[in-house]
Structure formats: structure tokens, C-alpha cells
Amino acid sequence: MDRAAPDKPMTVPALAEARRAGRRLAMLTAYDAGFARVLDANGTDIVLVGDSLGMVVQGHASTLPVAVEDMVYHVSAVARGLRRALLLADLPFQADATPERALDAATRLLQAGAGMVKLEGAGPHKLAAIRFLAAREIPVCAHLGLTPQSVLRFGGYRVQGREADAAAQLRADALAVAEAGATLLVLECVPSALAEQITRDSAVPTIGIGAGPHCDGQVLVLHDMLGLDSGHRRPKFVKDFLEDGGSVAGAVRAYVSAVREGSFPGPGHAYD
Ligand code: KIV
């Protein structure tokens, strides 16, 4: 299996090629040009400007206060730091409430430098938004499981898909988002066995966070993998790579190699 990082810029079709070649995808978040440059130079395949910026950069208790303007600002900064990695940008809370709003926000994010946008959930209006964007040449990544924009309905940040009916719903949602046109799927905080099953059945690559070792790639929030105190309880799936890496660049290299060779996430970073 080819696990070497390609020197070529990462593109949307290259995501599927990586999966076919058995090369795991390493993804991290960044919010500014300086960190983006370090991630890019040290092998990160996908750099996500996540709406997690509401929590780790802006200091809010959730991602809900993040506005499209905030995302555009951070996406343009990150874009200036990237040469190789694919820039993925979140549609923030309610920016995908209608297909038209999603198109407006996604267009602004692509014009600011993103190569793909991510949206959470698989309800009817989310599927409509995915379809609308995909039909208009906007690459879409779906995000299922613990979708942080649903924190009020969930009543907190909890593992999803543990009960049989919830697991069946997640499996159906994963097929539905790909059928609607998503070409990448983030699975957050779901039991490893469920993520393995979804990955096996999925037509598109999966990226896990708290979803065990069987996904086609992994993502962590930059602040978490650098061991920064977020002011929130540190989730089980987080590993501090700065401890071993010795520098930010070393931490990124350690993370990328651990993802590629399959040593991260380990059993202690996964949910049953
Ligand atoms: O906003 C974010 O950083 C994310 C990751 C946790 C996947 O969506």
C-alpha cells in the first residue's frame, strides 16, 4: 500500500484516489496563515477552518455564535499559508438553513480560498443544501455523529450512535449524504465498530475524530493536538503530540506519521 505523502497539491479527486491507494488522510484545523504554513509544510493533507474557531479562538462555549464573516476572515488568512493542502471550510450555524443561503455562504468561502465546504447533519434541508451545492460545482464534505451545531438538541457533547436505532440512522445518513453529492464524510464521536461499518459501506472517504482507527483519515483540532488548555474537559480521543514532537512542526509531523501508519488513534482514543 502506498502511504507516502504526494508532493502534488491535494485536490478533491485526490481524496478518493488516496482511499483507493490505501493512503490514510491526515487533517488538522488551522485558523491563521502562520499555523497553516506549518501544517502545509509538514504533510497535512487537508486543513480545516472549522467553526471550532468559535471555541478555541473566540472563547465561546459553543460554535453557535460563529458568523459567515468570521469564517471568511479566517479562511482568507489560512489560504495565504497553504501551498499543497486542500482547504476545507465549515458552513457555520444556520448558514445552510436554506439551499440559497448555503450557496451564498459557500461561494464566499470558496472565493476566500476554500476548496471544499463542510456542513453538519443529514436532515431533509441539509440533504437539499448538499444537492444544491454539489450541482453548482461546490465540493461538499458532510459531518455526522456528534455534530457540534446540534449541541442544544443533544444536551451536551456526547458520543452518538450507541443505541441500535441511532446506529441504523447514522448508517442511513452516511449513505444519503454521499448520494446527495458529498464527496467526503467526517464522523465525530461514534463507536469504532459503527465507524468501521460506515467506512466499509461508504462510497466516499471517511475522516474520523473520536471514531476509532478504521476511517480513511483522521482529524484533530490544532489546539487539542498541541495540548493547549481549552477551558473544557479534554475528550478521550485527543492526544497531545507536542509532548513527543518537541516543536509545533515536530508535533504535526508526529501526528501525520501516526495517522498514516495507523498508530493514531489507539484503543485508548476510541469509544465502544
Ligand atoms: O469545527 C471543527 O473543528 C470540526 C472538527 C472537529 C471536525 O468540525
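Trainee: What does D51 touch, leaving out residues up to four places away in sequence?
Mentor: This is a predicted model. In it, D51 touches T63, V66, M71, D90, L91, P92, E120 and Q149.

Trainee: Is D51 buried or exposed?
Mentor: Buried, because its relative accessible area is 3%, under the 20% cut-off. D51 lies in the loop between β2 (46-49) and α3 (53-56).

Trainee: And D90, where is that found?
Mentor: In strand β3 (residues 86-90). D90 counts as buried too, at 2% relative accessibility. Its contacts, again beyond four places in sequence, include D51, M71 and K118.

Trainee: Which residues does UniProt mark as "binding site"?
Mentor: The UniProt record, an unreviewed entry, puts that feature at D51, D90 and E120. They span 70 residues in sequence, but no two of their C-alpha atoms are more than 10.9 Å apart, so they gather at one spot. D51, D90 and E120 are also part of the lining of the largest pocket.

Trainee: New topic. How many aromatic pairs are there?
Mentor: The count is 3. Take F241 and Y255: the ring centres are 5.4 Å apart and the planes stand at 85 degrees, so this pair is edge-to-face. The two residues are 14 apart, with F241 in the loop between α10 (222-225) and α11 (242-245), and Y255 in helix α12 (residues 248-261).

Trainee: What sits over the ring of F241?
Mentor: The charged end of K239, 5.1 Å from the ring centre. Elsewhere, the charged end of R136 sits over the ring of F132, 3.6 Å from its centre.

Notes:
Residues numbered from 1 in each chain as written. Predicted model: local features only at pLDDT ≥ 70, side-chain atom pairs only at ≥ 80, totals over all residues. Heavy atoms only, no water. Phe/Tyr/Trp six-rings, centres within 6.5 Å; stacked < 30°, edge-to-face > 60°. Helix = DSSP H or I, 4+ residues; strand = E, 2+ residues; numbered from the N terminus. Lys NZ or Arg CZ within 6 Å of the ring centre and 35° of its normal. UniProt positions renumbered as here; feature names shortened; annotations may be inferred. 1 Å grid on protein atoms, 1.4 Å probe; cavity = no way out; pocket = protein on both sides within 12 Å on 5 of 7 lines; lining within 4 Å. Buried < 20%, exposed > 50% of the residue type's maximum accessible area, 1.4 Å probe, protein only. Contact = heavy atoms within 4.5 Å.
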